[in-house]
Amino acid sequence: KQAPRAQWASRLGFVLAAAGSAIGLGNIWKFPYITGQNGGGAFVLVYLVSIAIVGLPIMMAELMIGRQTRRDAVGAFIKLEGKRSPWCAAGWISVAAAFIICSYYSVVAGWTLEYLYRSLLDSFSGQPAAAIEGMFGGLTANGPRQLFWHFVFMILCLGIVIGGVQKGIERWNKILMPILFALMVLLFLNGLFSAGAWQGLAFMFRPDFGKLTPGSVLEALGHAFFTLSLGMAAMITYGSYLNRKENLLSASFRVVLLDTTISLMAGVAIFSVVFSVNMQPAAGPGLVFKTIPVVFSQLPGGQFLAIVFFLLLAFAALTSNISLLEAQVAYLIDERGWGRKRASAFLAGLAFVVGIPTALSYNLLSEWKVVAGLVFFDAADLLASNYLLPLSGLVTAIYVGWFWSGAEEKQQLLAGGAGWVYPAWHFLIRYISPLAVAVVLYFKVRDTGLFAWIAALLG
Ligand code: PHE
Ligand code: NA
């Protein structure tokens, strides 16, 4: 006999859990530097439009599918269309993406734990910049150490997910997310009161339309997807625990608003202090793991700021990764009849093992290892975030826009919002979102050489 399906205990619990999934490394690490690279305010504008016309409608679609079916992402499509339906591909692809991303997200999250630990030991203060920057290379060349933190991080995820929806995920998000917001406000204010505040604000918000290329538009659209945890089974799964009485539009709106606010605050917080010590805004891992520790080492109260920053990053990563783990756990529970404990332990263990090559991929012990490792890391990242996410998002949008009758959910949207909400959402999910995602997918495939690869295969 089946136990009644778990539900969030409160709307606040759902909003914090979904915001916990959405707010992650993508907000605090990636968003700031892609904004800087793509024309500041001009890019922010494009990004906000992407969020509104692609992100929000698809998030609502995923939550609706979850709530209507009360199943994991694979089971949701099975329940709607039957086991043999091709639509089930959307479910499978998204759970596969969750699986891949869960493992390497954990390796990067492990780096944040190492930096948190070093901040607590005060190992940055008074060190020359070159020595601090060198620490990142030292860490990534140290396989066992990365594996240790990767392991610790997966254990933390496991500890939360094993507790279940209310007593694990909801409870911990209710503790971690308010702390995360408080830490962010602290760093934001610190940025605003630093000498580089104007420069930081300008870097983030002054529009430079000259830097805006077609590539920036694609980047904005792609990031809208990643940042809202779409196409990765997470939102379908979290939606499946959502009470039928909740207003889906306003709940989604809150999640999107929180995610966007944190991204913008993170940009100001980071670049203001970077400029205040006359450093250059670097891109990639260097920004968070090299530039930031150097910056803090030169500021008064730097140790405290570093602790706050890396704690923030670790919490953001943790609440995101548990949603990826839960998406897979729900599949084993709903479709395979596993118990939660067994499913969580199995999947956390598997994610740990699969993450090992990623952790070793920066290992500089020998040339071939670097090559083998980087190929693996790149392949995992490329496959998951460039192909699987847009692909499952595209299928989901087309399905919900054109083929899903979803009477109950759609009527609720009709009844729940102002008169324009349903028609607006329906128009976006039918025409705009699939078109935008298809364009992103086309260019990703073209630019990463998949066409050439397929052409070669076909001889
Ligand atoms: N949204 C998270 C971020 O911005 C990443 C993520 C994607 C988490 C998908 C869960 C699922 O970092
Ligand atoms: Na995000």
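R70 is buried, with a relative accessible area of 16%, a value that falls under the 20% limit for burial. In this predicted model, R70 is found in the loop between α3 (41-69) and α4 (73-81). The backbone at R70 has a phi near 55°, a positive value in a residue that is not glycine. A positive phi also occurs at N278, which is likewise not a glycine and has a phi of about 60°. N278 is placed in the loop between α12 and α13 (285-298). At 68% relative accessibility, N278 counts as exposed, because the limit for that class is over 50%.

Salt bridges were examined next. The count comes to 7 salt bridges. In one of them, the side chains of R118 and E114 meet at 2.6 Å, N to O. Both residues belong to helix α5 (residues 88-120), where they are 4 residues apart, about one turn of the helix. R118 and E114 are both buried. The pair is also part of a network of salt bridges that links E114, R118 and R145.

Another salt bridge joins the side chains of K174 and E170, with an N to O distance of 3.8 Å, which lies within the 4 Å cut-off. K174 and E170 both lie in helix α8 (residues 165-192), again 4 residues apart and thus about one turn of the helix. K174 counts as partly exposed, at 35% relative accessibility, whereas E170 counts as buried, at 2%.

A further salt bridge is formed by the side chains of E326 and R340, at 2.9 Å from N to O. E326 lies in helix α14 (residues 302-336) and R340 in helix α15 (residues 340-360), so this pair ties together parts that are 14 residues apart in sequence. The relative accessible area of E326 is 0%, and the residue is therefore buried.

The model also contains a sodium ion (ligand 2), which is coordinated by A22 (O), N27 (OD1), T227 (O), T227 (OG1) and D259 (OD), at 2.1 to 2.7 Å. The site of the sodium ion is octahedral, with angles of 79 to 168° among its 6 donor atoms. For six octahedral donors, the ideal angles at a metal are 90 or 180 degrees. Along the sequence, the donor residues of the sodium ion follow the spacing A-x4-N-x199-T-x31-D.

Ligand 1 is surrounded by 14 residues, of which the closest are A22, G26, Y105, F226 and M232. Polar contacts to ligand 1 involve both backbone and side-chain atoms of the protein. A backbone N or O atom of G26 lies 2.7 Å from an oxygen atom of ligand 1, and a backbone N or O atom of L25 lies 3.1 Å from an oxygen atom of this ligand. At S229, a polar side-chain atom lies 3.1 Å from a nitrogen atom of ligand 1. On its own, ligand 1 has 320 Å² of accessible area, and the protein covers 100% of this area.

Methods: Residues are numbered from 1 along each chain as its sequence is written. Chains are lettered from A and ligands numbered from 1 in the order in which they are written. This is a predicted model: local features need pLDDT of at least 70, side-chain atom pairs count only at pLDDT 80 or more; totals for chains, interfaces and linings use all residues. Side-chain values use heavy atoms; hydrogens and water are left out. Helices (H or I, at least four residues) and strands (E, at least two) are DSSP runs, numbered from the N terminus. Buried means under 20% relative accessible area, exposed over 50%, partly exposed in between (1.4 Å probe, protein chains only). Donors are N, O and S atoms within 2.8 Å of the metal (3.2 Å for Na, K and Ca); water is not among the atoms, so sites may look incomplete. Four donors count as tetrahedral if all angles lie between 85 and 135 degrees; four count as square planar and six as octahedral if opposite donors are over 155 degrees apart and all others between 65 and 115; anything else is irregular. A residue is near a molecule or strand if one of its heavy atoms lies within 4 Å of it. A polar contact is a pair of N or O atoms within 3.5 Å; within protein, one must be able to donate a hydrogen and the other to accept it, and residues adjacent in sequence count only if both atoms are side-chain atoms. Accessible areas come from the Shrake-Rupley method with a 1.4 Å probe; for residues, only the protein chains shown count as cover.
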